[in-house]
Amino acid sequence: TIQLFISYTSYFNATVSANVSRELKPQDIEKVIAHFKKVIQADLEKLNIELEIESYGYDLISIPMHSSEWTSILFNLYTNAKKAIRREAVAGKIKIVIGKEDKKVYLEFADNGDGIPENNRYRIFEAFFTTSSPVGFDASDDEKLTGTGLGLKIVKDIIQTYGGSIDLIEPESEYSTCFKIELPIATAKQREEHEI
């Protein structure tokens, strides 16, 4: 747990420092995902969650963003997936698919947790809407995996700021929930300016 905390802390420190010292820059989604996987690897092993990553295409570079914004997006999706998997009480599976289509890069994030009921599907991006139940002071660490209902609202706000979108899509048969994020791809000029 201490090692995991140190890993998370250094990850967030690095991304916050990058924001302070640099302007927005195009983000290589393959590198972002590889780094994210490295950071959560110990947590995945501890919780017995299998993470599969599929990549389609090359030069999966989003328009200029802060790297910490991708950190926030991925950690919010991952935290929600962990809670859903815990509620379903299954051997956890998460799948991330990245690629590009129609001048956009996309990322799909799927898990095999307890899913999102039909009547909540239109509310999940609302501020303070949460499916997590509150926990007591003496709850275990796992039980404290509860949210404020701001996570997906923050994710959506970040993505929309850059002219992108996030939607719930039909998951593959082994999964119960899948989010798809689309963001404009970096232009040749943006890549040239940042030497990417």
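How many cavities of 30 Å³ or more does the count come to? Before I answer, please keep in mind that what we are looking at is a predicted model. The count comes to one cavity of 30 Å³ or more, and the largest cavity has a volume of about 30 Å³. Sorted by class, the lining of the largest cavity has seven nonpolar residues, one charged residue and no polar ones.

Let me turn now to the helices. Two packed helices are described by the angle between their axes and the distance between the axes. Helix H3, residues 67-88, packs with helix H4, residues 151-161, at an angle of about 145°, and their axes are 9 Å apart. The crossing in which H3 passes H4 is left-handed. On the H3 side the contact involves Glu69, Ser72, Ile73, Asn76, Leu77 and Asn80, and these meet Gly151, Leu152, Ile154, Val155, Ile158 and Ile159 in H4. By class, this contact of H3 with H4 has seven nonpolar, four polar and one charged residues.

Finally, the aromatic rings, of which the structure holds two pairs. In one of them, Phe36 and Phe75 have ring centres 5.3 Å apart and planes at 90°, and because planes over 60 degrees apart count as edge-to-face, this pair is edge-to-face. Phe36 sits in helix H2, residues 29-47, and Phe75 in helix H3, so that the pair links distant parts of the chain, 39 residues apart.

Key:
Residues numbered from 1 in each chain as written. Predicted model: local features only at pLDDT ≥ 70, side-chain atom pairs only at ≥ 80, totals over all residues. Heavy atoms only, no water. Axes fitted to C-alpha atoms, helices over the stretch in contact; angles between N-to-C directions. Helix = DSSP H or I, 4+ residues; strand = E, 2+ residues; numbered from the N terminus. Left-handed = near helix turned anticlockwise from the far one by under 90°. Contact = heavy atoms within 4.5 Å. Nonpolar A, V, L, I, M, F, W, Y, C, P; charged D, E, K, R; others polar. 1 Å grid on protein atoms, 1.4 Å probe; cavity = no way out; pocket = protein on both sides within 12 Å on 5 of 7 lines; lining within 4 Å. Points joined across faces, edges and corners; volume = space filled by probe spheres on them. Phe/Tyr/Trp six-rings, centres within 6.5 Å; stacked < 30°, edge-to-face > 60°.
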